[in-house]
Structures are given as C-alpha cells and as structure tokens.
Amino acid sequence: MTNPNTSPRELLDTMLGYLGFVIEIEVMQNEAGNLVLQIYTEESRRVIGRDGEMLEAIQFLLNRLLQTRDKDAAKVIVDCEHYRSMREDRIIQRVRELAERVRATGRSLQLEPMNSYERRIVHNAFKDDPDVATWSPDDSARIKQITLLKRQPKSEVKHAAPPA
C-alpha cells in the first residue's frame with residue numbers, strides 16, 4: 001500500500017525509479033483541468049513504448065495505485081516529452097485528410113480500429129463539422145472502428161418528407 005501523503009508525482013517518480021529510469025517530471029494541468037505529469041528522460045522511447053503502450057501501462061498503474069488510496073481520486077494523465085499531444089495532432093491530421101475524401105465523394109469511410117482514447121479524439125474533432133459526421137458501434141461491439149459519414153444538409157432533410 002502506498003503512503004497516503006505521497007503525491008502522484010512522487011509515486012510516478014518512485015515507480016519509474018524502481019524500473020531503472022532516470023527522469024524529470026513536470027507537473028501541469030490540461031485544458032480539461034486534469035493533472036498531467038510530463039516525463040523527460042534520455043530513454044523516452046523506452047518509456048513511451050511501441051505505439052505508446054508502455055506509457056498507457058504506466059498511466060494505468062499509477063491511476064490504479066491512486067484509486068486504491070482514494071476511490072474518488074481524479075484521473076492523472078502521464079505523458080512523455082509531449083508524445084500524447086503530438087500523437088493527437090497526427091491522428092486528427094490523418095483523419096481530416098480522409099474526411100476530405102468523404103466530403104468529395106459522399107461515400108462513407110471506415111477507419112482502422114482505435115482505442116477509446118483515440119476514438120474520443122476523432123469524435124471531438126468532428127462534432128461541429130457541418131459536412132462530416134462520425135459514428136462508431138457501442139462499447140460492447142467487438143471491433144472498435146469509427147466510420148466517417150457525409151452529413152445530410154439540414155435543408156435537404158426538411159424537404160425529404162413529402163408534403164402532407
């Protein structure tokens with residue numbers, strides 16, 4: 001069990017220290033008000049892991065430890081040298097390029113499977129788009145894919161019903 005007075009930063013530092021990492025941790029807050037622990041290290045590729053998997057595992061473990069202490073503990077985001085924000089930008093840029101194809105052809109396009117975090121990024125990027133909508137099956141579905149669809153203009157929707 002962890003010391004109840006240990007801060008998330010100290011806990012992360014201890015965890016990664018046990019794994020042999022020499023790190024600096026900067027504490028910040030994101031736009032949503034979540035605590036972000038930004039890791040700086042010579043071994044950033046090892047901390048991040050393949051496709052961010054190690055970073056996800058570190059974040060998961062840290063949050064589980066914090067929740068064992070306080071079941072209502074706010075979720076802490078763990079990042080390494082701004083990997084998450086750069087990855088978000090790359091995902092949005094790639095999906096916007098695909099959305100242009102949907103805009104031009106009017107045909108829907110299914111994206112590659114993504115984790116829930118990445119799907120949320122994509123849904124938020126298109127929530128106010130007038131031409132392209134996103135759709136994904138509910139969480140019980142086996143395959144977690146998003147489909148980009150051409151939105152029907154509101155004026156066409158109104159005229160679609162025959163006059164009474």
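This is a predicted model: local features need pLDDT of at least 70, side-chain atom pairs count only at pLDDT 80 or more; totals for chains, interfaces and linings use all residues.
User: Is the crossing of α4 and α5 left-handed or right-handed, and which residues in the two helices meet?

Analyst: The α4 and α5 crossing is right-handed. On the α4 side, Arg84, Arg87, Glu88, Ile91, Ile92, Val95, Arg96 and Ala99 take part, and they meet Tyr117, Glu118, Ile121, Val122, Ala125 and Phe126 in α5. By class, this contact of α4 with α5 has nine nonpolar and five charged residues, with no polar ones.

User: How does one read burial along a helix, and which residues of α5 are buried?

Analyst: An α-helix has 3.6 residues a turn, so residues three or four places apart point the same way. In α5, the buried residues are Glu118, Arg119, Ile121, Val122, Ala125 and Phe126. Seen down the axis of α5, these buried residues fall within an arc of 155°, so they line one face of the helix.

User: Strand β6 contains threonine 147. Is threonine 147 buried or exposed, and which residues does it touch?

Analyst: A residue counts as buried under 20% relative accessible area. Threonine 147 has a relative accessible area of 11%, so it is buried. Leaving aside residues up to four places away in sequence, threonine 147 touches Ser108, Leu109, Gln110, Ala133, Thr134 and Trp135.

User: Turning to another helix pair, how do α1 and α3 cross?

Analyst: Helix α1 (residues 8–18) and helix α3 (residues 53–69) have axes that come within 11 Å and cross at roughly 125°. Angles over 145 degrees count as roughly antiparallel, and α1 and α3 are therefore oblique to each other. α1 passes α3 in a right-handed crossing.

User: Which residues make the contact of α1 and α3, and how do they divide by class?

Analyst: From α1 come Pro8, Leu11, Leu12, Met15 and Leu16, and from α3 come Ile58, Leu61, Leu62, Leu65 and Leu66. The residues of this contact of α1 with α3 divide into ten nonpolar, no polar and no charged.

Definitions and conventions: Residues are numbered from 1 along each chain as its sequence is written. Side-chain values use heavy atoms; hydrogens and water are left out. A crossing is left-handed if the near helix is turned anticlockwise from the far one by less than a right angle, and right-handed if clockwise. Helices (H or I, at least four residues) and strands (E, at least two) are DSSP runs, numbered from the N terminus. Contact means heavy atoms within 4.5 Å. Ala, Val, Leu, Ile, Met, Phe, Trp, Tyr, Cys and Pro count as nonpolar, Asp, Glu, Lys and Arg as charged, and the others, Gly among them, as polar. Buried means under 20% relative accessible area, exposed over 50%, partly exposed in between (1.4 Å probe, protein chains only). The arc is that of the directions from the helix axis to the C-beta atoms. Axes are lines fitted to C-alpha atoms, for helices over the stretch in contact, and angles run from 0 to 180 degrees between N-to-C directions. Angles under 35 degrees count as roughly parallel, over 145 as roughly antiparallel, 65 to 115 as roughly perpendicular and the rest as oblique.
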